[in-house]
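Hi there,

I'm handing this structure over to you, and I hope you enjoy looking through it. Below it you'll find my notes on what turned up.

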Amino acid sequence: MSYLAKPKFQHPSLEVNALGFTHRDYEGSMSTLCAGCGHDSISAAIVRACFELSLPPHRIAKLSGIGCSSKTPTYMLGQSHGFNSVHGRMPSVLTGANLANRDLIYLGVSGDGDTASIGLGQFAHAMRRGVNMVYIVENNGVYGLTKGQFSATADRGSKSKKGVDATDEPIDLVALAIQLGASFVARSFSGDKAQLVPLIKAAFEHRGAAFIDVISPCVTFNNHAGSTKSFDYVREHNIAVNALDVITGRSTIEVDYAEGDRQDVLMHDGSTIRLHKLEAGLDVSDRSAAFGMLERHRFAGEIATGLVYLNEGARELHESLDTTHRPLNELGQEVLCPGSKALQAINASLR
Amino acid sequence: MPIHAVNDFVIRFANVNGSGSASANLLFARSIMRMGVPIAPRNIFPSNIQGLPTWYEVRVSEKGRLGARGGADILVAMNPQTFMQDIAAIEPGGYLFYDSTRPMAPSAPRDDITVIGMPLTEICAAEYNDPRQRQLYKNIIYVGALAALLDIDVVVMETLAAETFKGKERLLDANRRALHIGYDHAKARFDCPLGIRVRRSDAVGDRILVEGNFAAGLGAVYGGATVCGWYPITPSTSLAEAFERNCARFRIDPATGKKNYAFVQAEDEIAAIGIVVGAGWNGARAFTTTSGPGISLMQEFFGLAYFAEVPVVVFDVQRGGPSTGMPTRTQQSDLLSCAFASHGDTKHVLLMPDGPGEVFEFSGSAFDFAERLQTPVFVMLDLDIGMNSHLTAPFRWDDSRPYDRGKVLSHDDLERAGNFGRYNDVDGDGVPYRTMPGAHPTRGAYFTRGTSRDRFARYTEDATPYVDNMERLLRKFETARSLLPRPILRKAARPTRVGVIHYGSTAAAMDEAVDLLAANGVDVDALRIRAFPLSREIADFVQSHDQVFVVEQNRDAQMRTLMTADLGLDPARLTSILHYGGMSITARYIVREISGRLPKPVAKKTVEAVS
């Protein structure tokens, strides 16, 4: 980390989005993570995605649990309210916040320890409920703040910095999310901005539980030979199964990828995501194909990245609960309180 | 000598769980209430769905003695499993009503009670073909028989049945018929009424009969709660259900049919409180409802809500602990685990209602306190308050009283505000101002965290801002002390140096105990605590009495500990009277314990006649 304060000046010709904000308006305070941490790249990708989508920063609520990854909401979106909650429990806090005001945009940031170890239960149930959010796991397979213990996503046989082997079966959060009902599920790599930024944008455009597992090497505790989440290992074994563009109603994004087998998906908010399928036969709306694809690449020792599953027809929590369209936190006493007259009828029924 | 009593007796029904006796017994109890005679019904039930013994007891009291009394004057013995034990609990001179289809063994278990046998199983077998009907209507038949035996107006029972089965004429007819089978059979064969009987009165007034859990659920609706995250646990489940039921009645948007509330059954208590913390942070009035084990699971979140200053309301319907303990029995044993919930230096606001009436009132105001103070507020019920029906003054709501949403800066406030600091003590009361996510495009955003921070919500591990913040939280606690419901004093008719302190569901028994003690020549002043942090009036009360008893329904004298910790009182000045076997405390017990600890009144010396 740097101890120098972030300079306030910016280049006068800095690019401006539809709201008149520059990229700088989406940044947060200076990161305190280790220099070269994959998490900082993810924060930068989130900032970029929010800027490109012209999301009003104050309409975003960013929530996290505990851990290195959960610190990162401080380092992005400084004009947004943030909530650094307790270890493994961000999903429930985000769920409650979402129930209180369905109109905000919810970003949950978590890590592999926070989500796959202590928080697996809350992760599972938030996905089941279809909470309308973007849930990003910054996955390095290791505990940073407590100095290098394995998390539940560490691959079996992977070696820790101290030379200990991981002996337990790893949890594949992507497969789990699909099984549990998440309606947008992707995996990416912190070092692949070209893939990650469009994925985050598409996740924000999606209505429902959007989950992205981002492999994010820990430069301090999990970047050595024998680790399956080091930069070198992930670079060598990363197989992109598709690439995508997000075409919002507001602006058209230049297509960076070669034209190939294309799949256009219309999102709820009117935007379109255009998938360039690199793997023949992968239909992201097919759950069983998604499971098969994940299993095939896992068997081959590869990390499949890209959009893995998408269901634009899924119900989100407020639809399941049939809550009013107005945010619950805006309802006034005249709506909430039945008043003394109704109480007389209740009293009468209890005599 | 058989007991003779009018409008003053205890009847106990011994049933088998799941046999459909609950609704029949409630019909019996309500019919007496409709005749204008106060009642106090209590369920004594097992942690079981079907098959284990369950009891229902109704204390009938013209004088309005609504606490548990102990013993039974009449036993309705419908459970062979507990027959002998039930008979042993009948008061001398009492009555036994039993199903005489099979001979009783031994044939005369006691010679000091009156035995009334009615062949209920045989009657049902003759009247009904369907086994389920035989079972269900057996209960209604004995209620009909009791109407004859106790001189209860059977027309009142029919009216109640008609209200219950409104629109279900077939069920109503069947119930009416069963009532009359029992009534006619008893009239024809027994000398009715018994020495114990009911007589019409006007002692009920406009009071209502209601469970505390219903009152709390309704109070949460009136208090403006919109988010409930909860997890099922006895004895709090019916509180969450009452909230949902009342929301379904009062919170459906008339134009769209959509719900003006969110009711989420979480995967566990940790998620339940997490949902509530998230919703409270985001400006909705939110609550959870639980019991002891849930309180344990929620501890980490209570610390976060205390330190991050998030309004949260928790209903704790206390049961017998520790661990799974006695899940269907009552206790006041979560006081300390709620008052000091979580790690580090924490202390929380507790409200301690005495019954459904105050539960309704406190449930509404709990949300005001939580938002005013930006902190968790615990409403401490117990199984006796929550799951038993109590006679109480009708619920009242003042339409002119606006919700107190506390110190929240709106968009316009933020336009005018200078340098917003989330944890700045602007008013000197320890309560800072907060903003809601999304309120203003460029002002008021801050980062909420469980880690230490400065007045502007910036992360810091420096000692000075940390201590500054912890001291402010203490000032806030003092603000709470000044806002919360004050204790209620019941002064004895004559000046006395004996005081008794109590709280929660002990109130009804205490009220009776004070009268009984006075009748024995022992005057006591009684003070009922209603909130923590404790009012200074409690310290004054202790100072102004030579002997002070603290009556509690737990083993470890938890309120006494709170009094010494929070008010600095000398524990040697406080004599504990503890009752924690899981059954509601009785006036008899309190009187016996207090009398036993007081110096015996000095008998007048008789001067020997010297002649």
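This is a predicted model: local features need pLDDT of at least 70, side-chain atom pairs count only at pLDDT 80 or more; totals for chains, interfaces and linings use all residues.

Which residues of α16(B) are buried? They are B:R472, B:K476 and B:A480. These residues cover an arc of only 100° around the axis, so they sit on the same side of α16(B). Exposed residues are found on the other side of α16(B), among them B:V467, B:E471 and B:L474. The buried residues of the helix pack against β14 (349-351) and α13 (356-373) of chain B.

Stepping back to the domains, the assignment for chain B gives domain 1 (5-197), domain 2 (210-392), domain 3 (408-483) and domain 4 (488-597). The C-alpha centres of domain 1 and domain 2 of chain B are 35 Å apart. Their contact takes 10 residues from domain 1 of chain B and 8 residues from domain 2 of chain B. On the domain 1 side, those residues divide into 7 nonpolar, 2 polar and 1 charged.

Now for chain A, which has 12 helices and 11 strands. A compact globule of 351 residues would have a radius of gyration near 20 Å, and chain A agrees with its 21 Å. Of its 351 residues, 54% count as buried.

Happy exploring!

Conventions. Residues are numbered from 1 along each chain as its sequence is written. Chains are lettered from A and ligands numbered from 1 in the order in which they are written. A residue is buried if 20 or more other C-beta atoms lie within 10 Å of its own, exposed if 12 or fewer, and partly exposed in between; C-beta atoms are placed from the backbone. Helices (H or I, at least four residues) and strands (E, at least two) are DSSP runs, numbered from the N terminus. The arc is that of the directions from the helix axis to the C-beta atoms. Two residues are in contact if their C-beta atoms, placed from the backbone, lie within 7 Å. Domain bounds come from an automatic or database domain assignment. Ala, Val, Leu, Ile, Met, Phe, Trp, Tyr, Cys and Pro count as nonpolar, Asp, Glu, Lys and Arg as charged, and the others, Gly among them, as polar. The radius of gyration is taken over C-alpha atoms; the globule rule is 2.2 Å times the number of residues to the power 0.38.
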